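Look at the structure before reading on.

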There are 2 protein chains.
Amino acid sequence: MDFVSIIEAIKARRKSLKVTQNALSDLSGVALGALKKFESGKGNPTLSTLKKLCDALGLEITLNVKKTINP
Amino acid sequence: MDFVSIIEAIKARRKSLKVTQNALSDLSGVALGALKKFESGKGNPTLSTLKKLCDALGLEITLNVKKTINP
DNA sequence: TTAAAAAGAACGTTATAATGGACTTTGTAT
DNA sequence: ATACAAAGTCCATTATAACGTTCTTTTTAA
């Protein structure tokens, strides 16, 4: 998989809030194992898991029409 | 779950492109069953499934810091 | 430089998403 | 009204995410 930019967004936001993986796990209700796996690029979370993380971090998920020319 | 706005974004985009669920299933490689379940609000897709749909529809997934006051 | 904290890896078990198929309901156009 | 297409529902099987725990590696601070 490559959700690199999404993973990076989560990690960057978490760090900017100075929250550890353990703390985010508690705050979000997502199991520590699932969070670690996801942040280390080895996961494929369900939308509900991603949303729990985003909610805890004050992030919103949006879908936008791509304007860029077809990569 | 309530991914209402995400579901609506997918459906709206699909319809604006005049693509049927069957066609989107073919285009994206996501099984018809999974797509139907998701669009009817009964699913919890993995990120890879959501991304396949977005890719096929020319949508990108972005995470933004919420500016709104804590719902 | 070393002790503690944080992040990553590896497990077995349980829950559930993905798939493919058959069938039903709704929408659309003739 | 009626035929066809599209959307929705249900089912069994397979694949895999979520969870909890333990252990290892890396980072950070004293």
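Q: How many salt bridges are there over all chains?
A: This is a predicted model, in which local features need pLDDT of at least 70, side-chain atom pairs count only at pLDDT 80 or more, and totals for chains, interfaces and linings use all residues. Residues are numbered from 1 along each chain as its sequence is written, chains are lettered from A and ligands numbered from 1 in the order in which they are written, and side-chain values use heavy atoms, with hydrogens and water left out. A salt bridge is a side-chain nitrogen of Lys or Arg within 4 Å of a carboxyl oxygen of Asp or Glu. Over all chains, the count by this rule is six.

Q: How many of the salt bridges are between chain A and chain B, and which residue of chain A meets B:Lys66 in one?
A: Between chain A and chain B the count is two salt bridges. In a salt bridge of 3.9 Å, N to O, the side chain of B:Lys66 meets that of A:Asp55.

Q: Why are A:Lys51 and A:Asp55 separated by about one helical turn?
A: The side chains of these residues, A:Lys51 and A:Asp55, meet in a salt bridge at 3.2 Å, N to O. Helices (H or I, at least four residues) and strands (E, at least two) are DSSP runs, numbered from the N terminus. A:Lys51 and A:Asp55 are about one helical turn apart because both lie in helix α4 of chain A, at a spacing of four residues.

Q: In what order do the elements of chain A run?
A: Chain A has four helices and one strand. From the N terminus on, the order is α-α-α-α-β.

Q: How many residues of chain B are in contact with chain A, and what area do the chains bury?
A: Contact means heavy atoms within 4.5 Å, and 26 residues of chain A are in contact with 26 residues of chain B. Buried area is the accessible area (1.4 Å probe) that two parts lose on being put together, summed over both. On carbon and sulfur atoms lies 67% of the area buried between chain A and chain B, which is about 2400 Å².

Q: Which residue in β1(B) stands opposite A:Asn64?
A: Two strands pair if DSSP finds at least two bridges between them. Strand β1(A) and strand β1 (residues 59-65) of chain B run antiparallel and are joined by seven bridges. Opposite A:Asn64 stands B:Glu60.
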